[in-house]
Amino acid sequence: PSAEPAAPPATAADAVALRKETENLLNRGKMKDAIVKAREAIAADPSDANAYLYLGSALQETGHWKDGIEAYSECVRNATKGPVNECRQMGGRK
């Protein structure tokens, strides 16, 4: 069986595209897909607060409140750009 080739490392442009895709999914009410894309966006750029906010929002929309708070907390701990303060306002802790 042939192994799948490893995906190339994500770039900043990938992170921006993933965030936009996540936002689009959220706006269309596709929460489960948005959760997957938000996690990809965070993996591509863990320093951007927006992806954590999208993840937390999608998790909470699907009833996973504690996981949403954890996403906001990850944001507070890891994000260095974007609306990090919003993560704190949503209940994120260091």
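Here is a friendly set of questions and answers about the model above.

Student: What should I know before I start?
Tutor: This is a predicted model, where local features need pLDDT of at least 70, side-chain atom pairs count only at pLDDT 80 or more, and totals for chains, interfaces and linings use all residues. Residues are numbered from 1 along each chain as its sequence is written, and side-chain values use heavy atoms, with hydrogens and water left out.

Student: How many helices and strands does the protein chain have?
Tutor: Helices (H or I, at least four residues) and strands (E, at least two) are DSSP runs, numbered from the N terminus. Read from that end, the elements run α-α-α-α-α. The count is five helices and zero strands.

Student: What percentage of the residues of the protein chain count as buried?
Tutor: Buried means under 20% relative accessible area, exposed over 50%, and partly exposed in between (1.4 Å probe, protein chains only). The protein chain has 94 residues, and the buried part is 39%.

Student: Which residues is Cys87 in contact with, leaving aside its neighbours within four places in sequence?
Tutor: Contact means heavy atoms within 4.5 Å. With those neighbours set aside, the partners of Cys87 are Ala49, Tyr52, Leu53, Tyr72, Cys75, Val76 and Gly92.

Student: Are H1 and H2 roughly parallel or roughly antiparallel?
Tutor: Axes are lines fitted to C-alpha atoms, for helices over the stretch in contact, and angles run from 0 to 180 degrees between N-to-C directions. The axes of H1 and H2 come within 8 Å and cross at roughly 160°. Angles under 35 degrees count as roughly parallel, over 145 as roughly antiparallel, 65 to 115 as roughly perpendicular and the rest as oblique. H1 and H2 are therefore roughly antiparallel.

Student: How many nonpolar, polar and charged residues does the contact of H1 with H2 have?
Tutor: Ala, Val, Leu, Ile, Met, Phe, Trp, Tyr, Cys and Pro count as nonpolar, Asp, Glu, Lys and Arg as charged, and the others, Gly among them, as polar. Residues making the contact include Leu18, Arg19 and Thr22 of H1 and Ala34, Lys37 and Ala41 of H2. By class there are nine nonpolar, one polar and five charged residues.

Student: Why do H2 and H3 count as roughly antiparallel?
Tutor: Their axes come within 9 Å. H2 and H3 are roughly antiparallel because their axes cross at roughly 155°.

Student: Is Gln60 buried or exposed?
Tutor: Gln60 is found in helix H3. Leaving aside neighbours within four places in sequence, Gln60 is in contact with Trp65, Gly68, Ile69, Tyr72 and Met90. Its relative accessible area is 11%, so Gln60 is buried.

Student: How far apart in space are Asp67 and Gly56?
Tutor: Asp67 is found in helix H4, and at 40% relative accessibility this residue counts as partly exposed. Asp67 and Gly56 are 11 residues apart in sequence, while their C-alpha to C-alpha distance in space is 7.1 Å.
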